[in-house]
Amino acid sequence: MFDVIVIGAGVIGSSAAYQIAKRGFKTILLEQFDFLHHCGSSHGESRTIRATYPEDYYSNMVLESSRLWEEAEAEIGYKVYFKTIQFDMGPSDDKSLQAVISSCKKNSILVRVLDHSQVYEEFDGVFKLPEDWIGVVTEHGGVLKPTKAVSMFQTLALKNGAMLRDNMEVIEIKKDEVQGGVLVRTRNGEEFYGKKCVVTVGAWMKNLVHEVTGLMLPIQPLETTVYYWKIKQGFEDKFTIQNGGFPTFASYGEPYIYGTPSLEFPGLIKIAVHGGWPCEPNERTWVAASPTAVDSLKKWIEARFQGLVDPSGPVMSQSCMYSMTPDEDFVIDFLGGDFGKEVVVAGGFSGHGFKMAPLVGRILAELLADGVAQGVDLKYFGIGRFDGNPRGNVKGFDCQVTLADSRCD
Ligand SMILES: Cc1cc2nc3c(=O)[nH]c(=O)nc-3n(C[C@H](O)[C@H](O)[C@H](O)COP(=O)(O)OP(=O)(O)OC[C@H]3O[C@@H](n4cnc5c(N)ncnc54)[C@H](O)[C@@H]3O)c2cc1C
């Protein structure tokens, strides 16, 4: 019998397995595909870490997570986290951007608000903003290396005594009426017994939880694509952290566009739309480009980078999935019902969960060990927030993610 069975080895499950094993619990991590596969949400070469959120409850979580990223790096002995500044921009009256500024101030995060000409000076002519836009600069930005980071957590979990098994698709989770605890069964007929269980199955969450309990969590998988664009020859250094001090960035408005410095592929920069189209995780189109998204990106790149990045079309793309909740807030809670406090779920990361993985892993370990998480208010992440209120948490600004009806939006 295991103390804890963790189901799903994306970044959240892998971080949780490490944190749980580190506390001395006998832990097993089960994954339906090969470890480090590219079919979920945690693969690839770059994710942004930033403390700028319109909601004021995420910034301090990011700062704590940032500390835990460094702690894990120190334990493994290599880097997955490359720090830089964060640059947010958008129309000066954009409600989300204004909320970002307020939330930084509320959380004592040093923030500089620049007008369009100050932005031009600050970034040595690289970013050109319309006259009615502002730029918001904060210190806490950076790039995380996703596949390498998932591998890091899995290695740390192993080093701390966890067992890891891939090609184990869980099809059943039920209460073990004989021994107590939870029985987990896989499609290939293996059975695992655990005192407790953590479900971190990303875009598969709604389906698995529904099959197991009948409960329908409002977590909608979206298929999304990241794009890489070619930097004009001779200007490559300006877009790097090392030589250009280039930031991770986000552009507010419709659509919300984000990007990371040139790092993983020399001479290329990642710029993408924060959005996608609904999908079934096992029936994806894998189609690389949404014409509307690419069109918006071309226009944005042409206007903001003034010929320093080739706007004629992306040179590379990668497909991925978001797990959207209606309010874009996470779901981190006990599953309840017959399972009471024996099963915890963590999902619905809505396209912004990677940076939080070390902290969410710790929260899950604490929920299992003590029933409560230290230093983090989980009230925004409860399943109960959707009872009689399908939209969830109420906010005074629009959602960030652009939802297309289909890839041909
Ligand atoms: C293109 C893109 C860009 C993003 N950018 C950012 C960013 O800049 N910053 C940021 O913070 N976040 C970002 N995110 C979001 C972040 O990557 C996700 O929130 C995070 O990776 C979610 O991890 P997860 O472990 O919940 O899900 P996943 O990585 O999907 O892991 C779930 C795992 O569970 C497994 N599984 C499913 N069902 C079963 C089963 N029945 N049995 C066993 N295993 C199962 C799956 O195979 C999968 O490996 C981005 C996401 C995408 C797609």
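1. A crossing of two helices is left-handed if the near helix is turned anticlockwise from the far one by less than a right angle, and right-handed if clockwise. In this predicted model, the crossing of H2 and H5 is left-handed. The helices in question are H2, residues 59-76, and H5, residues 146-159; their axes come within 10 Å and cross at roughly 65°.

2. On the H2 side, the contact is made by Ala72, Glu75 and Ile76. H5 contributes Met152, Thr155 and Leu156. Sorted by class, the contact of H2 with H5 has four nonpolar residues, one polar and one charged.

3. For the overall fold, the protein chain has nine helices and 19 strands. Its radius of gyration is 21 Å, close to the 22 Å that the globule rule gives for 409 residues, so the chain is as compact as a globular protein of that length. Along the principal axes, the C-alpha atoms fill a box of roughly 70 × 45 × 40 Å.

4. The UniProt record, an unreviewed entry, carries the annotation "domain: FAD dependent oxidoreductase" for residues 3-367. In the model, that span is 28% helix and 30% strand.

5. The ligand is surrounded by 37 residues. The closest are Gly8, Gly10, Gly40, Gly202 and Gly353. Four elements each supply at least two residues of this shell: helix H1 (11-22), strand S3 (47-48), strand S11 (220-230) and strand S16 (316-324). By class, the shell divides into 18 nonpolar, 15 polar and four charged residues.

6. Two backbone details can be checked in the structure. A cis peptide bond joins glutamate 254 and proline 255, with omega about -5°. Proline 255 sits in the loop between strand S12 (248-251) and strand S13 (257-260).

7. The other detail concerns tryptophan 286, which has a positive phi of about 60° although it is not a glycine. Tryptophan 286 also belongs to a loop, the one between strand S15 (275-278) and helix H8 (291-305).

How values were computed: Residues are numbered from 1 along each chain as its sequence is written. This is a predicted model: local features need pLDDT of at least 70, side-chain atom pairs count only at pLDDT 80 or more; totals for chains, interfaces and linings use all residues. A residue is near a molecule or strand if its C-beta atom, placed from the backbone, lies within 6 Å of it. Ala, Val, Leu, Ile, Met, Phe, Trp, Tyr, Cys and Pro count as nonpolar, Asp, Glu, Lys and Arg as charged, and the others, Gly among them, as polar. Axes are lines fitted to C-alpha atoms, for helices over the stretch in contact, and angles run from 0 to 180 degrees between N-to-C directions. Two residues are in contact if their C-beta atoms, placed from the backbone, lie within 7 Å. UniProt positions are given in the numbering used here, feature names are shortened, and annotations may be inferred rather than shown by experiment. The radius of gyration is taken over C-alpha atoms; the globule rule is 2.2 Å times the number of residues to the power 0.38.
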